[in-house]
Each structure stands twice: as structure tokens, then as C-alpha cells.
Amino acid sequence: MSMAITLGANQYGKAGTHVVRIYRDTPRHEIRDLTVGTALRGDFRAAHVEGDQADVLPTDTQKNTVFAFAKEKGVAAPEDFGLELADHFLRAAPRADGARIELEETTWSRIPVGGEEHDHAFVQAGGGVRTAVVNVDGRGADRRAHVVAGIHDLVVLKSTGSEFRGFLTDRYTTLQPTSDRIMATALVARWRYNVAEGVDWDRTFDGVRAALLEQFATVHSHALQQTLYAMGKAVLEQFSQIDEIRFSAPNKHHFPVDLAPFGVPNPNEVFYAADRPYGLIEATVLRDDATDPGSAWHAVPSFV
């Protein structure tokens, strides 16, 4: 009995294109720093099965396009840059029926000199890495665009205002309940927009980030799960253009050190910061009338 072999889902593109765009129109320069991944999906069976590259837009061409667009189109918000690239690649590669553009932005702050921001000297900023993933399906009247924005490595800590107690126990439980603990995480958050145009992407990103941080700081937490839900709820209440937000939050455990053998009291002031193993809390918060996500989460870490 013969066995049929077929080609499954596939895509191809160029990962890790790092483009830095400096705007030098005035003595006060501006900088946008993006790492871009591009990918095309569609009917590329001939390339895989027969080695026929006639329908393949080379990944090197995709890389060159990123650099050329940085000059010709400019780099404003990552989301807009990704949408421009996706539409271009779908025009350039007729066999493609979908394009995926993934972007990470490195942010830079002006170096203060004499109490004032320098015009053209920068220091790399912290506080999380901005991300965006654009998926575009089809062309013309059949075109459908999806935008998922986000942030990762948003490292936050609160030194009190967090509890963990009342949990299940069994014969293997050694964790002690606590009403006062450090809660810390390196947060990953991604949110899906219900529109792909008419959004002030930069302002919305700043607003979402501020809402996440405010909720983390102010919610008295009985568990990291509760905090994540409060963060997601606040984002959806403040931004009608967002339908859902997904979180992945590794619990960066801090354990009080037993200093009793040295005759030294430790009222929750000295901790051992453990890097592994760690609890991993993941959750999705969404509107009950959320739009159909379509391909929005295609090849995006969706957590749950």
C-alpha cells in the first residue's frame, strides 16, 4: 500500500534585519531602531517539491526592501512600517496570499548635558522592548490586515502589596502561605487591534504600557493571575481599538534568606533571587464581542 506525501503549511522570509533610521532634517536628530522579520506564505509547492524558484521573491530582496523603505517611506510607528512592507511584498510576489512582518523596536533616549537634552547623542533606554506583528491576507477588495502590538522584557517588582495563600496542599507541598511577599516578573504582553488603520500607534503603545504599570503598582495582589487580569481589564476599558490582550509572566521568585543561624533577624528585608525553576503564569483577557482574529496570531507566540 503506497503512502501519499504532501506539503504542509510553509512560509519563508528574512529574519533579523536590523535597520536604524536617523532623521537629520534639523540639527535636532530623531532615531528609529527596528529589527524586522519578513515572511511570505502561499502556493510555493513548486519551490519545495520541484526546486523551481520562479515564484520565490528572494529573502535577500526582502532584506534590501526593508532598508530602501526606511529611506523612501520613512520609519514612523513600527505598525505602519510593517503594513507598508506587507502590502509591497504581496504585490511583488503573486504566488503569496499572505505576508507576515515582525518588528522589535529598540528605544533611545537623549543624553542630558547641562540639564538639557542633547540634539544628537543618545543612550539606549530600558523599560521593555516594543514589538509589533503585522499579518496581511489578500489584495485589493479581499485584503484583510491584522495588527498585534506588544512589549516584552518589561521587568517589574513590588516589594509589598502581594500575597499568596489559601492554595491547594498535598503531601508534597512545602511552600508556606504568605500575606507579604515580593512580586516580580519579566512581563510579555501582546494585544490585538480590531482595526488596522486610523490608530495613533505610538500614543496607544505609550498608553497601554502606562496602564499596565499603573495596575501592577496599585492592585493589592492575591496572586499574579489576579494582577494580570486587572492589567488586561484596564487596557480594554481604556482602548476601544483593542479586542484582546495576552500575557506571559514568569514569576521571578524572591525567597527570604534565613539569617537565624547568625543571630540576625530578617523581617522580609534580605532575599535570595532565584532564576529557576520559576512559575509561569499565562492568561488572555478579551472582550465578549471581540472581532474574529483571522490570521492575526499566525506564527505569533500566543501563550495560551
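Leu212 touches a set of residues from elsewhere in the sequence. Setting aside neighbours within four places, its contacts are Leu187, Ala189, Met231, Val235, Ile245 and Phe247. These positions come from a predicted model.

Leu212 belongs to the largest nonpolar core, which has 57 residues. Leu212 is one of the residues with the most contacts inside that core, along with Val36, Leu40, Phe81, Leu187, Trp191 and Phe247. A second core is separate and has five residues. Its members include Val133, Ala296, Trp297 and Val300.

## The chain as a whole

The protein chain has five helices and twelve strands. Its C-alpha trace spans about 75 × 75 × 40 Å along the principal axes. The chain has 304 residues, and 41% of them count as buried.

Among contacts with a separation of 6 or more, 68% are between residues 24 or more positions apart. The accessible surface is about 16700 Å². Carbon and sulfur atoms supply 52% of that surface.

## Salt bridges around Arg130

Side chains of opposite charge can pair when their charged atoms come close. There are 21 salt bridges in this structure. Arg130 takes part in a bridge with Glu79, where the closest N and O atoms are 3.0 Å apart. Arg130 sits in strand β6 (residues 129–137), and Glu79 sits in helix α3 (residues 78–92). The two residues are 51 positions apart, so the bridge links distant parts of the chain. How exposed are the partners? Arg130 is buried, at 6% relative accessible area. Glu79 is also buried, at 0%.

Arg130 also pairs with Asp202, at 2.8 Å from N to O. This bridge connects strand β6 to helix α4 (residues 201–218), across 72 residues of sequence. Asp202 is partly exposed, with 26% relative accessibility. That value lies between the 20% limit for buried and the 50% limit for exposed. Shared partners join Arg32, Glu79, Glu105, Arg130 and Asp202 into one network of salt bridges.

## The Arg287–Asp243 bridge

Arg287 forms a salt bridge with Asp243, and here the closest N and O atoms are 3.8 Å apart. Arg287 lies in the segment after β12, while Asp243 lies in strand β9 (residues 242–250). The bridge therefore ties together parts of the chain 44 residues apart in sequence.

Arg287 is partly exposed, at 22% relative accessibility. Asp243 is buried, at 3%.

Helix α2 covers residues 59–72, which makes 14 residues. From first C-alpha to last, α2 reaches 20 Å, close to the 20 Å expected at 1.5 Å a residue. Which residues of α2 are buried? They are Gln62, Thr65, Val66, Phe69 and Ala70. Viewed down the helix axis, the buried residues fall within an arc of 135°, so they line one face of α2. An α-helix has 3.6 residues a turn, so residues three or four places apart point the same way.

The cover over the buried residues includes β1 (12–23), β2 (30–42) and α3. On the other side of α2, Lys71 and Glu72 are exposed. Just after the helix comes Gly74, with a positive phi of about 85°.

## Backbone exceptions

Most residues other than glycine have a negative phi, and most peptide bonds are trans. The peptide bond from Arg276 to Pro277 is cis, with omega near -10°. Pro277 is in the loop between β11 (271–273) and β12 (280–286).

The other two places involve phi. Asn268 is not a glycine, yet its phi is positive, at about 60°. Asn268 lies in the loop between β10 (254–256) and β11, and it is partly exposed at 32% relative accessible area. Ala299 also has a positive phi, near 60°. Ala299 is in the segment after β12 and is partly exposed, at 42%.

Terms used
Residues numbered from 1 in each chain as written. Predicted model: local features only at pLDDT ≥ 70, side-chain atom pairs only at ≥ 80, totals over all residues. Heavy atoms only, no water. Helix = DSSP H or I, 4+ residues; strand = E, 2+ residues; numbered from the N terminus. Buried < 20%, exposed > 50% of the residue type's maximum accessible area, 1.4 Å probe, protein only. Core = buried A, V, L, I, M, F, W, Y, C linked by side-chain atoms within 4.5 Å. Contact = heavy atoms within 4.5 Å. Salt bridge = Lys/Arg side-chain N within 4 Å of Asp/Glu carboxyl O. Expected span 1.5 Å × (residues − 1). Arc of directions from axis to C-beta. Areas by Shrake-Rupley, 256 points an atom, 1.4 Å probe, with all protein chains shown as cover.
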